[in-house]
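Dear colleague,

I am handing over the structure below, and after it you will find notes on what was found. Please read them alongside the coordinates.

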Amino acid sequence: MGHSKKIIWIVLAMLCIGTAQAQRKVKSGSYNAMLKTLLKHSVPEISVDSLYARQSKVVLLDAREPNEYAVSHLSNALPVGYNAFSLDAVKQLDKNTPVVVYCSVGYRSERVAEKLIAAGFTDVRNLYGGIFEWCNQKNSVVDMQGQPTNKVHAYNKVWGIWLKYAQKVYN
């Protein structure tokens with residue numbers, strides 16, 4: 001293979017790698033692979049980096065259960081739950097309000113986001129990788145008193161393997 005062909009192949013390989021990394025919304029390749037198969041990708045998704053940049057411009061909805069929310073949550077997030085989720089929990093919101101829904105990894109929040117979109121909400125996103133990825137990228141969470149904490153409810157020990165940079169709580 002000539003020198004110019006090698007350069008072309010190297011450039012093409014770098015472009016493919018760069019594109020794949022740009023499409024990955026979580027830092028861990030194995031976590032990303034799991035999420036790609038777990039989620040239906042039925043609603044628009046937002047990366048942790050994108051949410052961090054516009055956090056003050058969206059309403060955050062926590063689709064985890066009350067005991068998970070009580071351990072920690074994203075600052076200013078409203079608890080809406082999953083098992084008992086009802087549109088009554090968001091009746092005060094204008095349907096054009098930008099909303100980001102999150103849970104542990106993104107599965108439950110994706111289901112809640114689907115319900116919001118079906119109810120006419122126009123700007124709904126699912127946090128890809130959930131609170132686990134939020135913490136894995138070393139962003140802060142707060143407890144019920146609004147104080148920063150390193151504790152995160154890890155759902156259970158099977159799912160807790162994806163939470164790397166927080167103290168795991170199981171209750």
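E114 is partly exposed, with a relative accessible area of 23%, where buried means under 20% relative accessible area, exposed over 50%, and partly exposed in between, computed with a 1.4 Å probe on protein chains only. Please bear in mind that this is a predicted model, in which local features need pLDDT of at least 70 and side-chain atom pairs count only at pLDDT 80 or more, while totals for chains, interfaces and linings use all residues. Residues are numbered from 1 along each chain as its sequence is written, and side-chain values use heavy atoms, with hydrogens and water left out.

The side chain of E114 forms a salt bridge with that of K40, at 3.1 Å from N to O; a salt bridge here is a side-chain nitrogen of Lys or Arg within 4 Å of a carboxyl oxygen of Asp or Glu. This pair links distant parts of the chain, since E114 sits in helix α5 and K40 in the loop between α2 (29-38) and β1, 74 residues apart; helices (H or I, at least four residues) and strands (E, at least two) are DSSP runs, numbered from the N terminus. K40 itself counts as exposed, at 54% relative accessibility.

The structure holds six salt bridges, and another of them joins the side chains of R111 and E110 at 2.5 Å, N to O. E110 is buried at 0% relative accessibility, and R111 is buried too, at 11%. K40, E110, R111 and E114 are linked in a network of salt bridges.

A further salt bridge brings together the side chains of R108 and E68, at 2.9 Å from N to O. Because R108 lies in helix α5 and E68 in helix α4, the pair ties together parts that are 40 residues apart in sequence. R108 is buried at 9% relative accessible area, and E68 counts as buried at 2%.

What covers the buried residues of α5? Among the covering elements are β1 (45-46), β2 (59-62), α4, β4 (99-102) and β5 (124-127), contact being heavy atoms within 4.5 Å.

**H73**

H73 lies in the loop between α4 (66-71) and β3 (78-79), and is buried, with a relative accessible area of 6%. Its side chain reaches the backbone oxygen of Y69 at 3.0 Å. Leaving aside its neighbours within four places in sequence, H73 is in contact with residues including D62, R64, Y102 and D143.

Best regards

Notes: A polar contact is a pair of N or O atoms within 3.5 Å; within protein, one must be able to donate a hydrogen and the other to accept it, and residues adjacent in sequence count only if both atoms are side-chain atoms.
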